[in-house]
Amino acid sequence: ASYRRGLDPSTVTGSARRECLVRYAAQLGLDPAALGPLALITWLLHARSEYRRFVADAGGPPDPGVLRRSLFVGLWQEELQYLGRL
């Protein structure tokens with residue numbers, strides 16, 4: 001829920017986040033529209049590492065319930081839903 005609010009530019013946090021990301025993109029010469037898709041890739045990379053940890057913890061394939069509670073898949077889903085609303 002807090003990440004969702006941070007994505008919303010109508011909130012204080014979301015407005016500050018958006019301003020920082022626009023400045024960041026400008027310094028890199030990136031189109032700000034590319035930042036959302038880049039965030040999706042970032043969360044997928046973190047989710048892959050998290051999955052490896054789940055496998056190591058379980059000593060094999062993790063329980064589906066553990067996978068459903070993945071932090072990074074949840075963040076990826078929030079980002080994807082936000083991009084779908086734009």
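# Notebook: salt bridges, rings and a pocket

I started in helix α3, where Glu50 and Arg53 are three residues apart and therefore separated by about one helical turn. Helices here are DSSP runs of H or I with at least four residues, numbered from the N terminus.

I noted that this is a predicted model, in which local features need pLDDT of at least 70 and side-chain atom pairs count only at pLDDT 80 or more, while totals for chains, interfaces and linings use all residues. Residues are numbered from 1 along each chain as its sequence is written, and side-chain values use heavy atoms, with hydrogens and water left out.

**Entry 1: the pair in α3**

I looked up how the side chains of Glu50 and Arg53 meet, and found a salt bridge of 3.9 Å, N to O. The term stands for a side-chain nitrogen of Lys or Arg within 4 Å of a carboxyl oxygen of Asp or Glu. Glu50 is buried, at a relative accessible area of 7%. Arg53 is partly exposed, at 44%. I wrote down the cut-offs: buried is under 20% relative accessible area, exposed is over 50%, and partly exposed is in between, with a 1.4 Å probe and protein chains only. I then saw that Asp57 joins Glu50 and Arg53 in a network of salt bridges.

**Entry 2: salt bridges between helices**

How many salt bridges does the rule give? I got a count of five.

One of them joins the side chains of Arg4 and Glu78, at 2.7 Å from N to O. I placed Arg4 in helix α1 and Glu78 in helix α5, 74 residues apart, so this pair links distant parts of the chain. Arg4 is partly exposed, with 39% relative accessible area. Glu78 is buried, with 14%.

I next looked up Glu79, which forms a salt bridge with Arg17, with 4.0 Å between the closest N and O atoms. Glu79 is in helix α5 and Arg17 in helix α2, so the pair ties together parts 62 residues apart in sequence. Is Glu79 buried or exposed? I found that Glu79 counts as buried, at 3% relative accessibility. Arg17 is partly exposed, with a relative accessible area of 28%.

**Entry 3: rings**

I counted two aromatic pairs. Rings of Phe, Tyr and Trp (its six-membered ring) pair if their centres lie within 6.5 Å, and planes under 30 degrees apart count as stacked, over 60 as edge-to-face and the rest as tilted.

Tyr3 and Trp43 make an edge-to-face pair, with 5.8 Å from centre to centre and 80° between the planes. Tyr3 belongs to helix α1 and Trp43 to helix α3, and the pair links parts of the chain 40 residues apart. I checked Trp43 and found that it counts as buried, at 16% relative accessibility. The ring of Trp43 also pairs with that of Phe72: their centres are 5.9 Å apart and their planes at 25°, so this pair is stacked. Phe72 lies in helix α5 and Trp43 in helix α3, so parts 29 residues apart in sequence are tied together. I recorded Tyr3, Trp43 and Phe72 as a cluster linked by ring pairs.

I looked up the span of α2, which has 17 residues and reaches 25 Å from first C-alpha to last, close to the 24 Å expected at 1.5 Å a residue. The expected span is 1.5 Å times one less than the number of residues. Gly29 follows α2 and has a positive phi, near 75°.

Ser2 is placed in helix α1. I found Ser2 exposed, with a relative accessible area of 54%. From Ser2 to Thr13 the distance is 9.3 Å in space, C-alpha to C-alpha, and 11 residues in sequence.

**Entry 4: the largest pocket**

Which residues lie nearest the centre of the largest pocket? I listed Arg17, Arg18, Leu21, Leu35 and Gly36, out of 16 lining residues. A pocket is an open set of points on a 1 Å grid over the protein atoms alone, where a 1.4 Å probe fits, with protein on both sides within 12 Å along at least five of seven lines; lining residues have an atom within 4 Å of a point. The helices α1 (2-7), α2 (12-28), α3 (35-58) and α5 (71-85) each supply at least two residues of this lining.
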